[in-house]
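Please open the structure in your viewer and keep the selection panel at hand.

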Amino acid sequence: MSLMEGLLLQAPSSTVTLLGAGLFLLVLYLFSSGSSSEPQGKEPPGPRPLPLLGNLFQLDLKRLYHTLCKMSKEYGSVFTVHIGPRKVVVLAGYKTVKEALVNHAEEFGERGAFPLPKELSKGHGIVFANGDSWKEMRRFALTNLRDFGMGKKGSEEKIIEEIRYLIDVFEENKGKAFDTTESMHYAISNIICSIVYGSRFEYSDPRFRRSVERVRESIQLGGTRSLQLYNMFPWLGSLMKSKSVVAKNDYDIKRDIHDLVTELKKTLNPQMCRCFIDSFLVRKQTLEESGHMTSHYHDRNLIQSVFNLFLAGTDTTATTMRWGLLLMAKYPKIQDRVQEEISRVIGSRQPLVEDRKNLPYTDAVIHEIQRVANIAPMAVLHATSRDITFQGYFIKKGTYVIPLLASVLMDESEWETPHAFNPAHFLNEKGQFVKRDAFMPFSAGRRVCLGESLARMELFLFFTSLLQHFRFSPPPGATEDDLDLTPVVGGTLSPLPHQLCAVTRV
Ligand code: HEM
């Protein structure tokens, strides 16, 4: 019995309430579908929806991306599903996703938002914003990430400093099996902290630990069935415990960010910006002094943008790194070749970004880790900014769109062995690194990941430094075959809880 069916079969009084609410919504649904304007062409095909419930019973809410990949085999690369009462168009396969997000970047470049993210972000910040505010916040974030982080020597130094702390923590385990989750999330979160706040935190700092934990918990809950149900039927609100946990985490994280902003304000020096927040505050002050009282530079946009950078920038990179170490323990021969290349090209000195071009095999392995890890299988929900006829189908303005990145990263017409971990996907016959068009873990187009350059730098430096220092293997008594690669579906796809041994290399 599904959770939805279970809810409908609860105590009589709640059944009456639910049925009443259901009937009311059914009338609304019939009324709204009757009143909407006639489509101006053929709509994308898809499974027949039930009123209100849509295709609920055909969708595996625990692995939605998986069901959608299967449906694309039946309905083609552009199809419609009804997620509850909401009509959503799904784009599948490299050619279609690229054509939509890149060739029709404007039309497919809006952000859609289900009730919970909409309720919590209130249209501020970057990830769930649209229009001029989004444009301004995205531009500001890109410039400032560049100035205080990515693409500069400064960020390389920050990352290398953090790697040293992480190596110390790994070494403390003295080769015994341990779970890499906590320390990896602390290290990656600290990179964002040093860009946003201008300082890192000790891994033992309770406020920092709590904050990283909250981010992780919310991302994990993001993929649960109960949150998906809430997003379809928000009137179920109080019955969904995970909704309250995510809302409380959202409140607590933003309160912590607010406190840190207040501290930074006390020592703000417009002549010497230390971090992203300083830079935002100075811009706000300058605009206010010149009489722009209605600009986008207000506290809600600041707090929500910082919040977005933490949520989008921590779990994604840390989870990819954890997949990377797990895959190295699972495939020791590939680990051998990475370590041989690092020893030959770099020796024992600290790896640097400029070493990448001389490490083609390692670079191919990192790309293949990202492809197989597939951590954002449905990207983040998009929406159409205007009516469009796409591949012969009419899609109305404001329709929600899922770019199915999983179907691009595993596209059978693009990859030689789509379902196997095979670094040769990124190597030519001479062993040189080759880029692949269908490598799209950061998505593409107008909404492409804003932290891509930073993430790529982090992944390269963390991966090469850790592989230079440690040999990764399964816990004692386990073999490579025991390492399970089944993903846990949350807001991102992460590895099942596991332990690894990190033995210092001599
Ligand atoms: C391995 C690491 C990462 C992966 C795989 C990844 C992937 C993605 C994906 C798939 C999207 C959605 C794109 C779309 O809607 O089409 C996204 C958006 C975003 N990412 Fe990343 N990301 C990573 C790291 C980061 C980092 C380090 C940051 C911050 C510094 C970041 C900040 C963002 C932001 C702010 C957005 C929203 C962009 C917008 O709506 O305009 N990401 N990312």
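This is a predicted model: local features need pLDDT of at least 70, side-chain atom pairs count only at pLDDT 80 or more; totals for chains, interfaces and linings use all residues.

Now display both rings. A pair of aromatic rings is described by the distance of the centres and the angle of the planes. Under the pairing rule, the model holds 20 aromatic pairs. In the pair of Phe140 and Phe280, the centres are 5.4 Å apart and the planes stand at 85°, so the arrangement is edge-to-face. Colour the helices next: Phe140 belongs to α6 and Phe280 to α12 (residues 276-289), so this pair ties together parts that lie 140 residues apart in sequence.

For a further aromatic group, select Tyr186, Tyr197, Phe201, Tyr203, Phe208 and Phe310, which form one cluster.

Proceed to the ligand. Which residues come nearest to the ligand? Of the 29 residues around it, these are Arg111, Arg138, His382, Ser443 and Cys449.

- Ser443 places a polar side-chain atom 2.6 Å from an oxygen atom of the ligand.
- His382 has a polar side-chain atom 2.7 Å from a ligand oxygen.
- Trp134 has a polar side-chain atom at 2.9 Å from an oxygen atom of the ligand.

Helices α6 (131-148), α13 (299-330) and α17 (452-469) are the elements that each supply two or more residues to this shell. The most come from α13, with five residues. Colouring the shell by class gives 17 nonpolar, eight polar and four charged residues.

In soluble globular proteins, nonpolar side chains tend to be buried together. Here the largest nonpolar core has 109 residues, and those with the most contacts inside it are Phe170, Tyr197, Ile277, Leu466 and Phe472. Helix α13 provides the largest share of this core, 14 residues. Centre the view on Leu466: leaving aside neighbours within four places in sequence, Leu466 is in contact with Leu166, Ile167, Phe170, Met184, Met321, Leu325 and Phe472. A second, separate core has 33 residues, among them Tyr65, Met71, Val81 and Leu227.

Finally, select Asp363 in helix α15 (residues 360-373). Is Asp363 buried or exposed? With a relative accessibility of 5%, Asp363 counts as buried. Not counting residues up to four places away in sequence, Asp363 touches Arg356 and Phe433.

Key. Residues are numbered from 1 along each chain as its sequence is written. Side-chain values use heavy atoms; hydrogens and water are left out. Helices (H or I, at least four residues) and strands (E, at least two) are DSSP runs, numbered from the N terminus. Buried means under 20% relative accessible area, exposed over 50%, partly exposed in between (1.4 Å probe, protein chains only). Contact means heavy atoms within 4.5 Å. A residue is near a molecule or strand if one of its heavy atoms lies within 4 Å of it. A polar contact is a pair of N or O atoms within 3.5 Å; within protein, one must be able to donate a hydrogen and the other to accept it, and residues adjacent in sequence count only if both atoms are side-chain atoms. Ala, Val, Leu, Ile, Met, Phe, Trp, Tyr, Cys and Pro count as nonpolar, Asp, Glu, Lys and Arg as charged, and the others, Gly among them, as polar. A nonpolar core is a set of buried Ala, Val, Leu, Ile, Met, Phe, Trp, Tyr and Cys residues joined through side-chain atoms within 4.5 Å. Rings of Phe, Tyr and Trp (its six-membered ring) pair if their centres lie within 6.5 Å; planes under 30 degrees apart count as stacked, over 60 as edge-to-face and the rest as tilted.
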